[in-house]
Amino acid sequence: MLSRIIGAFTATLCGYACYWSVRWAGADYVAKNPSRSRIEYALRLAPGNPEYYVRLAEAEPALALAAMQRAVDLNPLNSSVWIEFARAAEEHKDFPGAEHSLLRAVQLDKTFAPRWLLAEFYSRRHDEARFWPAVRAALVTSYDDVTPLFDLCWNFAPEPRIILDRAVPNRPDVLRQYFDFLLAKNRLDAADAVANQLMRDAGPDTVQSLLSYCDRLLEKNDSSRAVEVWNGLAAKRLLEYPALAVAQGRSLTNGAFEKAFLASGFDWRVPPVAGVFVQNGGASFGLRFDFSGKQPESCELLAEFVPVEPLQPYQFVVRYATDGLEGDTGIKWRVMDVRTGADLLEGAGHVIASAHNERAQLYKFSTPAQARLLKLVLAYERALGTVRIEGSLSLGNVALGFDR
C-alpha cells in the first residue's frame, strides 16, 4: 500500500515538473518574438521571469518603467536588470530614478561596466561634482581598452591637469593606456606629465610607449627631453645600450651594429627599399647592403638621430668594405642639422670604392650655434652618367666624437 502511495506521489511530482518545464519552454519560445502581444503571452505562461519584463520594456516604451520595476522586484540582486531600469528611466526623463538604479548596479557589481555607465550618465547630466569620482572609480576597476573613457574625459573638460589629477588612477597599465591615447591624439604637452609618472615605475611593458614618445619628441627637435627619456630607460636597464653622454661627445648608439635595431629613439632605422637587401650581424662587418641594380635612383638606406653640443668640432669615422663596386658609388653620408635641414658635410660624404676591400673614411664638421640634434643618413643617389649600382657595401662600425 505504501509503495503505491509513494509511486503515485512520485508520478504526480514528475507530471507537475514536466508540465512546468513544457510551459517555461513554451514561454521562452514565444518571448523570442519582440512584439508586445507575444511577450505578454509569455508572461502569462511564466509570470515570474524578470527577463520577460525587460523585453516588454523594450517592446513597449509606454510600459517600460512599470515593467522594469516589476523586473527588479523579481530579481533585485541582478545588476544588469538595474542597468536596464536606469536606461528606461533616463529615456523617460526620470533622472533621479536612473541615477538610483545605476548606483544600485554599482553596489551589486564590483566590476568595470556599471561604473563606466554611471560616469557616462553624469557626463550627459554635466554633473562635474559626481563625474570625476565616477570616472576614476571606473578606471580603477578597468581592464582591456579604456580609450572611450579617456575620450569621455576630454569631451567633458579638456584640461590635462584636471583629467590626470581627478580621473586617472596611479595604475601603471591605465597610465600607459592614457599615455598612448595622448600620443595618438597628438597631445604631447599633456603627455609630458604622464611620461614623468611612467618613468618613475617604468618596466618592460612601458618601454615601447616611452620610445614612441621619444620619437615624437625627435620629430619636434626636442632633443634634451628625448635624451632624458632615453637615458632614463637606459638607467633602469630597459635598453641594451648605455646612457648617452652628450657633453662628452659620446652620443652615437650601436656604432658597431652589434644589436638588433630598435628602429626608434636614438638607435638605427633601416627603411625598406625595393631592390636593396639588408643583412645585420655579419662575421666581420656588422651591416651589409646588397644592391640589385633595381633599386630607386635615390633612396635613404640608414639613419640615426644623434644629440650634439652646439659650436663644437666633430669627427665622424666610418669603416667599410665594398664588393663589385667601383669609384664613386653614389652612396654618401649626410650629417643633417634637424633644425635647418642643412648637410654639415656639405655634400662631401661620398663612399668611394677602391681596390682595397676594406677602408676607413674620416669626415669632419662643426655644429652651428643652435644645433642640438643631428640625423646621420646613409643614402644612395645614382651618379650622373652612370647606371644604378650592383654590388654590396658592408659597414664595420661608425664612430662620432669631438675632434680634439
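A pocket is an open set of points on a 1 Å grid over the protein atoms alone, with protein on both sides within 12 Å along at least five of seven lines; lining residues have an atom within 4 Å of a point. Grid points are joined across faces, edges and corners, and a volume is the space filled by probe spheres set on the points.

This is a predicted model: local features need pLDDT of at least 70, side-chain atom pairs count only at pLDDT 80 or more, and totals for chains, interfaces and linings use all residues. Residues are numbered from 1 along each chain as its sequence is written, and side-chain values use heavy atoms, with hydrogens and water left out.

**View 1. The largest pocket.** Eight of the lining residues are nonpolar, five polar and four charged (Ala, Val, Leu, Ile, Met, Phe, Trp, Tyr, Cys and Pro count as nonpolar, Asp, Glu, Lys and Arg as charged, the others, Gly among them, as polar).

**View 2. The largest cavity.** A cavity is a set of grid points where a 1.4 Å probe fits but cannot get out. The structure holds one cavity of 30 Å³ or more. The largest cavity has about 40 Å³ of space. Asn 170, Pro 172, Leu 175, Gln 197, Leu 198, Asp 201 and Ala 202 line it.

**View 3. The largest nonpolar core.** Such a core joins buried Ala, Val, Leu, Ile, Met, Phe, Trp, Tyr and Cys residues through side-chain atoms within 4.5 Å. Buried means under 20% relative accessible area (1.4 Å probe, protein chains only). Of its 62 residues, Trp 132, Tyr 178, Phe 179, Leu 210, Tyr 213 and Phe 266 touch the most other members. Beyond four places in sequence, Tyr 178 is in contact with Phe 150, Trp 154, Ile 163, Leu 164, Val 168 and Val 194 (contact: heavy atoms within 4.5 Å). Another core, of 37 residues, lies apart from it and includes Phe 365, Leu 374, Leu 376 and Leu 393.

**View 4. Residues 7-33.** Here pLDDT, the predictor's confidence in each residue from 0 to 100, stays under 50. Where pLDDT is low, the predicted coordinates should not be read in detail.

Notes: Buried means under 20% relative accessible area, exposed over 50%, partly exposed in between (1.4 Å probe, protein chains only).
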